[in-house]
Each structure stands twice: as C-alpha cells, then as structure tokens.
Amino acid sequence: MRQLTSLDTQFLAMENARVQGHVSVLGTYDPMTTSGRPLDAALVRELISDRLHLLPTFRWRLAQVPFALDYPYWVDDGTFDVEYHVRELALPSPGDQRQLAEQVARIIGRQLDRARPLWEVYVIHGLADGAVAVLTKMHHAAVDGVSGAEVMSILLDDTTTGQRDSTPTVAAETFPSEVEMLGRGLAGLLRQPLRVLRAGPTTLPHLDDVPTIGHLPGVKAIARSSRLLKRALPTGSNGAAVRGRNVVAPRTRFQARVSPHRRVAFGSLSLAEVKTIKNTFGCTVNDVVLAICTAGLRAWLDERGELPTEPLAGFIPMSVRTAEQMGTFGNRVSVMIAELPTDSADPAERLRRINESMRAAKERHRALPASLLQDVNHFIPPALFAQAARATSRLASVRGINQPANVMISNVPGPSAPLHLGGAKQRAQFPVSGVVDGIGINITVMSYQDSLEFGIVVDREMVDDPWPILDALRAGMDELRELASRHARA
C-alpha cells in the first residue's frame, strides 16, 4: 500500500458536483496498424492488459481512511476490469473537430468512479478524416503533467511493432478492511502534530507565496509575522528572501464559480516557428507560449469589451520532480504566478515583459521550498480537507476577494519522435486539463514532433464557443512570426 501525499489528496478534496479532478490526453491516430489491424477498443484492451505490470496507476484502487482521520492509500489490485475502463463510441456524421471536442467535453465533465482504479480510455470512431481518436482520462491524485506523460510513454511506442518485455506476474495486494484502515487512521492522527511542527519553520514564512491561499484575508499578515520571527531567532537567516512584485488578478468573466459542464477546443502550431521567435529575441519557448496566450486573451477579451486595464495573471504549474523521482507517479509540482501583459498593444513589449516577469518569478521560485504546496496542507487536518476546499470555492464568487490568477497555462514537453498505439501511428496529441472555481479557463500545451498542441478548456456557462479563443491564439502567433521576420530583415 502507498499513502497519498497531502498534495495528491488535495486533488481528491477539490472535487465536488461542479469541479472534476482528472486530466486527459486526446490522441488522433491512423485507423489501421501497420499490420493491417483496425485500431479499436479490442486492440487497446489487449495492449493495456499486456502492459499491466508497467502501469501501476492503472491498477491502484483508492482506500479511504474512516472519518478521514488521515490521507487515503493506493492499493495495488494487480488487475482491473478492462472492459469497464476501455470504452468505444462513434461520432455522428460528418465527424468534424467541433463534434469531437463536444464529445470530449461531455466525457471530461463526468467524474471518475472512486470505487475503481481512477482512469478511463475512450476509443472514438467516425472522424471525418478517417482518423481514430483515443481519449485517456486519469485522476490528478495519481499523476501530474510529467508523470502523466510517463504513463503515455508506456502505452505508446516509438516503433510500429510495439514489442515489450514479456508480462511478469503482478503481486496483488489484499484490499484492507475498515478496521485495518481505522488503525492506520488513528496512527496517522498521532503523526499530524509532528507534520505541522516539521512543516512550520519553512512553510509559514512563505505562506503568501502559495497561490491557492495567498490571496485570502489574513494570510499575508501571518507570513509577514513568521518572517519577522524567523529573522529574530538566533538561528534565523540574516538575508532577505527573494520577494517579487505582488501580482493581482483583475476581475474577468473567468473569476467565478464554475458549472459542472465544459467546452473544449484544440489545435496545433508550428514548434519550429516558435523556436525561431525564441532564438530571434533571446527568450525561451515557454516565454513565446505565454506571449501567444497573452495576445490571444487580449484580443478575445477586447473584442467583447471586457479587457481589463490591468495585466492578467497566469497560474503556471512547474514540475519539481527530480531525476530520482521519475517513475514514482503522484504529484511533484509547484506553481508560479506570472504577469501576462494584456495591457500592452505592442507584441514586442509584451514578449519582453513576459521574459522579465518569468525570470523574476523563477528566481523567486528557486528561493521557495520545493515541497511548499505539499507542506502547507499539513496545517489542515485531513478530516477538514474537503470542507476547506468547499470554503475556498465559495470565496471564488465573492466580490472583493482577489483571485490568485485569471487563467491556468501549462506547458508540458512531449516526444520529438513519432509514436504508435498498438502499431497505429499517432497524428497529434492534445492535452485536455480542467478548470476550477475562480479560474474558469485552462490552456495546456504539449509538444509532439514538430508541433505545439494546444488544448483549451473553459466552463460551459462562461464561454459559449472556445474556438474563437484558439483563433485568437493563432493570430497572436502570426503577429509574433511577422515581428521576428521584420527583426531578421532589419
């Protein structure tokens, strides 16, 4: 048995009737394998069953501690009902991208069954171009962006044969009884004060750096007092912590409570062109991605008369997974809040400001404990996790309470070589993430071969059509490409 960390548990606690805690990947594939077999649910079921020993997250079942006395555990069942988890459906004619996106939005709007391993795979036929789409849905409590990519690397192959080592026997664990879990919970209850004591000295001085709570009333005062106390102690640091400018998210339509329903749009941009822009202006690929998102959101909001005079704020997840932690799954993430200069009409100035903002944010981020997001949760007893998440959700609709950010933007590096699913070549791989109360739009980017694949998820009640946002991102890319071209000719 493996106990979830407080951060893993947070992704379970955040779920309610309106918020889902899973992440997904939408792949499109050739309809036939190189051996001539059709790509269907039967093939995917065989593939997953053959690689059962390599997919621990697909075998894990959740074992809750009675009365939520401690964080829950993963139990390795050793097997699963593959017929239940791998499903098949077809789009009606003509099977265009919008119909696929609508079907994906319906699927991600449904929560995973916690009585089973927390994943599902949907094989979707009927696409107009003859491709087959495969949507893989996994709970964020088991994987983050990097470990989710590790799962996909197990399912996909860089060869058409897809040969793997022979399947060893997986030793199944006996699912624990309520009495056993109660005993574990009581032991965990005794450890709770020790967790708080260990986390306190490094966590409290940085409490206002935690994006999920830093904007709440009283948090900044606690953090300031803790920093003063730390400096006053004989063992305290004499140096000042690296503190950046306080980024405040202006109010937009996305800073409200979400509904249970989603809308999705997805598309590709040229990675080579993004790298040309990066090299021309001496910034990073991530800076260019943020500049594209900034330009797109600025244009989309401005067209609707909703562009704030202040710059937007982006919620940027960052992996803190070390080389030794690769293959351990779970969550090893931190978050940065970065300014998105939507207040500027000049694309060159926006890119420069993003580059400066990200450098400052990274410098500040390096000064923070890598486990900050995990340690801060130790101050909340596990039994109160869900209540605390619900209370934070209610604050998302309260006027006068600043939200941490306007938009979530994540950039996950992906494979540069073509991949195959059971011998069927993958054409594209789009990330599909989620939204939460107070941040009703998510833009996730994943590289694949020579493309950057964008997945946009919005709350259905906030945006009636997300495809114009994707069009605005493409226009932002065109603007930067022309800027780089002019710069090269100068």
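Which residue in E13 is the bridge partner of His-420? The partner is Lys-425.

## About the model

This is a predicted model, in which local features need pLDDT of at least 70 and side-chain atom pairs count only at pLDDT 80 or more, while totals for chains, interfaces and linings use all residues. Residues are numbered from 1 along each chain as its sequence is written, and side-chain values use heavy atoms, leaving out hydrogens and water.

Helices (H or I, at least four residues) and strands (E, at least two) are DSSP runs, numbered from the N terminus. Two strands pair if DSSP finds at least two bridges between them.

## The sheet with E13

Six strands form an open sheet here. Their order is E5-E6-E7-E2-E13-E12, and the pairing is mixed. Strand E5 (86-90) and strand E12 (420-421) are the edges, and each pairs on one side only. Strands of a sheet pair through backbone hydrogen bonds, either parallel or antiparallel.

Start at E12. Two bridges join E12 to E13, and the two strands run antiparallel. Their hairpin has two residues between the strands. In this hairpin, Gly-422 takes a positive phi near 60°. E13 also pairs with E2: six bridges join them, again antiparallel. Gly-27 has Gln-429 of E13 as its bridge partner.

Is strand E13 enclosed or open? It covers residues 424-432, and seven of its nine residues are buried, so the rest of the structure largely encloses it. Buried means under 20% relative accessible area, exposed means over 50%, and partly exposed lies in between (1.4 Å probe, protein chains only).

Glu-88 has Val-123 in E6 as its bridge partner. Helix H6 (residues 145-155) lies across strand E2 (22-29), strand E7 (132-139) and E12. H6 runs at about 135° to E7. Axes are lines fitted to C-alpha atoms, for helices over the stretch in contact, and angles run from 0 to 180 degrees between N-to-C directions. Contact means heavy atoms within 4.5 Å.

## The sheet with E8

Another open sheet also has six strands. The order is E8-E15-E14-E11-E9-E10, with mixed pairing. Strand E8 (262-270) and strand E10 (333-340) are its edges, each pairing on one side only. The twist averages 20° from one strand to the next.

Strand E9 (residues 312-319) and strand E11 (residues 407-412) run parallel, joined by two bridges. Phe-315 has Met-408 in E11 as its bridge partner. Helix H10 (residues 285-303) packs on the sheet and touches E8, E9, E10, E11, E14 and E15. The direction of H10 makes about 150° with that of E11. Helix H9 (residues 271-281) lies across E8, strand E14 (441-448) and strand E15 (451-459). H9 runs at about 70° to E8.

## Salt bridges

The structure holds 30 salt bridges. A salt bridge is a side-chain nitrogen of Lys or Arg within 4 Å of a carboxyl oxygen of Asp or Glu. One of them joins Arg-87 and Glu-120, at 3.4 Å from N to O. Arg-87 lies in strand E5 and Glu-120 in strand E6, so the pair ties together parts 33 residues apart in sequence. Arg-87 is partly exposed at 24% relative accessibility, whereas Glu-120 is buried at 4%.

Arg-253 pairs with Glu-306, with the closest N and O atoms 2.6 Å apart. Arg-253 sits in the loop between helix H8 (219-232) and E8, and Glu-306 in the loop between H10 and E9, so this pair ties together parts 53 residues apart in sequence. Arg-481 pairs with Glu-273, with the closest N and O atoms 2.9 Å apart. Here Arg-481 is in helix H14 (residues 467-489) and Glu-273 in helix H9, 208 residues apart. A network of salt bridges links Glu-339, Asp-343, Glu-349 and Arg-353.

## A nonpolar patch

Phe-67, Leu-182, Leu-186 and Leu-189 make a nonpolar surface patch of about 400 Å². Patches are made of residues with over 30% relative accessible area and no salt bridge: like charges are joined within 9 Å, nonpolar side chains (Val, Leu, Ile, Met, Phe, Trp, Tyr) within 5 Å. Leu-189 lies in helix H7 (residues 178-203). Leu-189 is partly exposed, with a relative accessible area of 42%.

Conventions: Areas by Shrake-Rupley, 256 points an atom, 1.4 Å probe, with all protein chains shown as cover.
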